[in-house]
Structures are given as structure tokens and as C-alpha cells.
Amino acid sequence: MDKPPGEMSLTDLAEHCAYEMRKYRRKEPCDDKYCLEIFRRAVVQRSDAAWTVLRQQFHESLRLWMGRHANREAALRHEDEQSYIDDAFRRFWQAVSEQKLAFSTLAGALSYLRLCLNCAIMDTLRAYSRPKEEPIPDYGQSQLDEPSVEDLYHENDLWEIVQSILPGEKERRVAYLHFHCNLKPREIMRYCPGEFSGEDEIYRLKRNIVERILRNADKIRWRLSDK
């Protein structure tokens with residue numbers, strides 16, 4: 001009789017997880033608990049060994065998603081496949097660490113990992129599509145000009161500043177998913193099941209974010225000038 005996942009070695013967990021993942025990909029009923037225990041040890045316990053196993057277990061999923069991505073050909077003109085996979089894992093680790101995310105299902109964990117791959121691809125395509133020189137955005141604008149607000153999230157320093165002026169966890173999540181990852185509200189609902197009551201809530205949070213950015217335009221400009 002198998003031990004409970006919490007008492008199993010990483011080697012045994014990896015073996016069971018691999019077996020369940022094969023069933024998951026065939027859309028057969030599978031047991032989440034072994035894979036989720038690997039996620040728990042990697043994310044909650046900060047186990048380097050568990051993180052290595054997690055990368056090994058889910059590398060193939062990222063490779064398959066990359067192969068089916070609508071922008072695959074365009075993305076591969078700029079970076080190779082492994083670079084996007086590595087970036088997806090980096091983003092996943094950063095997000096789960098900073099936002100203290102916990103997953104109750106394998107599907108939820110994989111959806112978020114897939115989201116990180118999509119963000120890696122879209123950020124690269126946006127970066128290469130931008131002109132080499134561009135004017136400094138006018139942060140004192142009085143109108144809710146969404147393209148300019150979206151431009152805010154292409155710079156790491158600015159992204160950190162904007163995050164600091166958003167008080168709620170949900171506002172920060174929507175800011176990251178919508179403005180940084182370029183996801184539509186319906187896509188956010190699909191990638192993050194159970195986090196929001198519906199698309200109306202996401203639209204409301206989005207309006208709050210834009211209004212808060214505009215109210216803090218002077219503060220943002222001052223903090224950027226101090227960088």
C-alpha cells in the first residue's frame with residue numbers, strides 16, 4: 001500500500017505524477033494528489049529538489065503548448081523554444097512566490113503554468129514589435145487612454161511602481177493579467193477559475209486600476225525620475 005503523498009520520497013512522487021500526467025493528457029480520470037504534492041514542496045517548502053522535479057515533470061506540457069500556440073512561428077523568429085519554456089518557469093516561480101498562490105487541482109496549476117508561457121511569448125513579440133526609440137508617455141494625461149496605460153507595463157521599474165499603488169490583491173492580479181499579459185476578461189476567467197465572480201468584476205477592477213494610475217500620475221513620474 002502506498003504511503004500518503006506527504007510521506008513519499010520525491011522519486012516515488014515523480015513516478016506517480018508521471019503516470020497520472022499520462023492519464024491527464026489522454027483526458028482520462030487521474031489523481032491530482034501526487035503532482036500537487038510536488039507543487040507544494042517546491043512552492044511552499046521552497047525545496048530546490050522539488051522544483052527540479054517539477055520542471056522535469058511539466059517540461060513536456062510546456063513543449064506541447066508551445067507547439068500548439070497560435071503565435072509559435074512568429075515567436076520562434078526571436079527566441080528558441082527552450083528560452084520560452086525557461087521564461088515560463090521563471091514567471092511561474094515569481095508569481096507563485098510573490099502572490100502566494102496555492103493550487104487545489106492539477107488543472108488549476110497547469111492552467112497557470114500555461115498562462116506564464118503565453119505571457120512569455122506575448123511579451124517577446126511586443127518587445128520586438130516596438131520601435132527602437134519611442135516618446136516618453138505623458139503620465140499627466142486627463143483621459144483614460146488605454147493604450148498608454150497598457151504601455152506602462154512594458155517597463156520593469158514602472159510595473160513595480162504601479163503595483164505599489166494598487167491596494168488590493170485582486171487589483172494587482174487583474175493589472176498583471178490584463179495589462180502585462182494582455183489577456184481579455186474572458187481569458188482571465190478561463191485561466192483563473194474561481195478567482196473572480198465574473199467578467200463584470202474584472203471590468204470593474206480594470207476601471208479602478210486605470211483611475212488609480214491617473215490619480216497618481218505625478219507620484220509615478222516623480223518615482224521614475226528618481227530611478
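**Cysteines and a helix pair**

Tutor: Let's start at Cys 116, which is buried, with a relative accessible area of 2%. Keep in mind that this is a predicted model.

Student: OK, how many disulfides does the structure hold?

Tutor: One. Cys 17 and Cys 35 form it, with their sulfur atoms 2.4 Å apart.

Student: Which hand does the disulfide of Cys 17 and Cys 35 have?

Tutor: Right-handed, because the torsion about the S-S bond is about 105 degrees. Cys 17 sits in helix α1 (residues 10–25) and Cys 35 in helix α2, so the pair ties together parts 18 residues apart in sequence.

Student: Is Cys 17 buried or exposed?

Tutor: Buried, at a relative accessible area of 0%. Cys 35 is buried too, also with 0%.

Student: And what about Cys 30?

Tutor: Cys 30 is in no disulfide; the nearest cysteine sulfur belongs to Cys 35, 7.3 Å away. Cys 30 counts as partly exposed, with 26% relative accessibility.

Student: Switching to packing: at what angle do α2 and α3 cross?

Tutor: Roughly 140 degrees, with the axes of α2 (residues 33–43) and α3 (residues 48–68) coming within 8 Å. That makes α2 oblique to α3, and the crossing is left-handed.

Student: Which residues of α2 and α3 meet there?

Tutor: From α2, Cys 35, Ile 38, Phe 39, Arg 41 and Ala 42; from α3, Ala 50, Trp 51, Val 53, Leu 54, Gln 57 and Phe 58. By class, the contact has nine nonpolar residues, one polar and one charged.

Terms used. Residues are numbered from 1 along each chain as its sequence is written. This is a predicted model: local features need pLDDT of at least 70, side-chain atom pairs count only at pLDDT 80 or more; totals for chains, interfaces and linings use all residues. Side-chain values use heavy atoms; hydrogens and water are left out. Axes are lines fitted to C-alpha atoms, for helices over the stretch in contact, and angles run from 0 to 180 degrees between N-to-C directions. Helices (H or I, at least four residues) and strands (E, at least two) are DSSP runs, numbered from the N terminus. Angles under 35 degrees count as roughly parallel, over 145 as roughly antiparallel, 65 to 115 as roughly perpendicular and the rest as oblique. A crossing is left-handed if the near helix is turned anticlockwise from the far one by less than a right angle, and right-handed if clockwise. Contact means heavy atoms within 4.5 Å. Ala, Val, Leu, Ile, Met, Phe, Trp, Tyr, Cys and Pro count as nonpolar, Asp, Glu, Lys and Arg as charged, and the others, Gly among them, as polar. A disulfide is a pair of cysteine sulfur atoms within 2.5 Å. Buried means under 20% relative accessible area, exposed over 50%, partly exposed in between (1.4 Å probe, protein chains only).
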